[in-house]
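Work through the exercises below with the model at hand. Try each task before reading its solution.

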Amino acid sequence: MLPTIDWEDGEVVMIDQRKLPSREVYVRCRTGRDVAKAIRTMVIRGAPAIGVAAAMGVSLELRRSTATGTTQLATEFYRTCDLLGATRPTAVNLFWAIERMKGVFAAAMRAGQSTDELKATIDAEAARVHDEDVANCRALGRHGAAVLPDDGRVLTHCNAGALATGGFGSALGVVRAAVEAGKRVAVYAGETRPFLQGARLTAWELVRDGIETTVITDGMVGALMQSGRVDVVVVGADRIAANGDVANKIGTYTVAVLAREHEVPFYVAAPVSTIDLSTPDGSGIPIEERAAKEVTHLGGLQLTPDGAKIWNPAFDVTPARFVAGIITEHGICRPPFTESLQAVCSQEPGGTQQSAAAKASADPPKLVARSRSPSEGGEAKEV
Ligand code: MRU
């Protein structure tokens with residue numbers, strides 16, 4: 001398993017994703033503030049991974065706390081949550097993880113836990129967030145593998161791999177699970193300007209795994225599909241609105257529109273922690289705009305003339321009508337997503353914002369198992 005993030009000698013250690021693939025170096029975080037900086041500066045990125053990092057960052061800050069009473073510990077806890085919550089706005093997994101940690105902390109306070117007990121409780125919850133994310137990726141990978149043909153060519157965008165999650169990956173989890181199931185899978189990795197997550201990170205992960213990988217620049221997607229080289233698109237997500245609109249890395253929308261034109265099924269693979277039922281549709285998803293320098297420069301080299309204006313939105317929103325299915329750990333959600341997303345969220349054990357919303361539904365839709373068409377490769381649990 002790729003070493004995305006872990007504990008070592010009481011510190012949170014992350015592989016520095018800005019340096020891959022040319023250098024494999026690790027960043028050590030000693031405080032919650034260090035973890036927040038690592039998220040903001042893209043040492044660690046990818047929606048589920050930054051959720052895991054936030055949970056570990058809160059735990060790290062409490063571990064090193066010298067607070068003598070629970071009130072002081074609570075002040076430090078909530079301050080760290082605020083710090084981590086201000087790092088990146090789009091990926092809902094970050095806020096999901098922080099809310100989960102807050103819920104557990106508040107319950108432990110109400111139960112009268114001591115400072116040491118509170119630290120242990122938060123530590124254990126952070127470990128659960130991490131472990132569950134890996135397990136969820138494996139589970140969604142198994143569901144998603146069914147939509148890949150036995151001999152399939154998959155286009156993905158950005159990096160939704162082990163590096164972007166607690167481990168194993170969401171979109172790449174689907175690829176890995178299909179390979180584990182004995183399918184032959186070849187992947188086209190879209191370069192993903194400007195941070196090059198596809199060219200640098202997805203290609204690095206897949207080549208390490210011995211999976212056939214072809215890197216294309218973002219402008220080649222149309223020609224690739226026109227030439228009949230893609231059977232299915234699988235991408236990750238940063239936030240999925242209640243109606244199935246999907247925010248993901250900038251360029252995803254273009255891929256989805258081209259997939260529709262060329263009748264290539266477009267799938268989104270994401271754990272339930274990426275679903276935000278409190279946001280009705282994509283227009284309510286905050287889109288992060290990042291520094292102009294990401295566009296103007298590449299590896300220190302200036303690409304654009306001084307004076308040119310720059311627009312650098314980090315994400316776009318793909319309308320639900322372009323999405324064939326949303327692959328989660330509980331099964332594949334199909335349109336109408338308003339119903340199927342509520343259904344998967346209601347599968348969650350209590351405590352999440354999403355499941356609370358789903359449970360409030362008077363008549364939650366049922367999960368329905370049915371077989372997929374043979375052309376999509378066999379059985380999948382449908383929602
Ligand atoms: O800016 P990034 O690299 O954090 O954006 C990441 C993506 O858009 C991923 O596709 C998404 O988080 C899914 S990761 C499983």
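**Exercise 1.** Which residues of strand β15 (residues 325-328) point one way, and which the other way?

*Solution.* This is a predicted model. Start with one direction: Gly325 and Ile327 point that way from β15. Ile326 and Thr328 point the other way. In a regular strand, side chains alternate between the two faces of the sheet. Now check burial. A residue is buried if 20 or more other C-beta atoms lie within 10 Å of its own. All four residues named here are buried.

**Exercise 2.** Is helix α11 (residues 337-345) mostly covered or mostly uncovered?

*Solution.* Count the buried residues. Seven of the nine residues in α11 are buried, so by the burial cut-off the helix is mostly covered. The buried ones are Phe337, Ser340, Leu341, Gln342, Ala343, Val344 and Cys345.

**Exercise 3.** Describe the sheet formed by β1, β2 and β3, then place the helices that lie across it.

*Solution.* Get the order before anything else. The three strands form an open sheet, β1-β2-β3, with antiparallel pairing. The edge strands are β1 (5-8) and β3 (26-29), each pairing on one side only. From one strand to the next, the twist averages 30°. Four bridges join β1 to β2 (residues 11-15). Aspartate 6 stands opposite valine 13 in β2.

Helix α1 (residues 32-40) lies across β2 and β3, running at about 145° to β3. Helix α2 (residues 47-63) lies across β1, β2 and β3, at about 20° to β1.

**Exercise 4.** How many residues surround the ligand, and which are the closest?

*Solution.* The shell has 17 residues. The closest are Arg45, Ala47, Ala164, Gly236 and Lys249. Sort the shell by type: eight nonpolar, six polar and three charged. Then trace where the shell comes from. Helix α2 and strand β9 (246-249) each supply at least two of its residues. Domain 1 (5-136) and domain 2 (145-382) each contribute at least three.

Note on methods
Residues are numbered from 1 along each chain as its sequence is written. This is a predicted model: local features need pLDDT of at least 70, side-chain atom pairs count only at pLDDT 80 or more; totals for chains, interfaces and linings use all residues. Two strands pair if DSSP finds at least two bridges between them. Axes are lines fitted to C-alpha atoms, for helices over the stretch in contact, and angles run from 0 to 180 degrees between N-to-C directions. Two residues are in contact if their C-beta atoms, placed from the backbone, lie within 7 Å. A residue is buried if 20 or more other C-beta atoms lie within 10 Å of its own, exposed if 12 or fewer, and partly exposed in between; C-beta atoms are placed from the backbone. A residue is near a molecule or strand if its C-beta atom, placed from the backbone, lies within 6 Å of it. Ala, Val, Leu, Ile, Met, Phe, Trp, Tyr, Cys and Pro count as nonpolar, Asp, Glu, Lys and Arg as charged, and the others, Gly among them, as polar. Domain bounds come from an automatic or database domain assignment.
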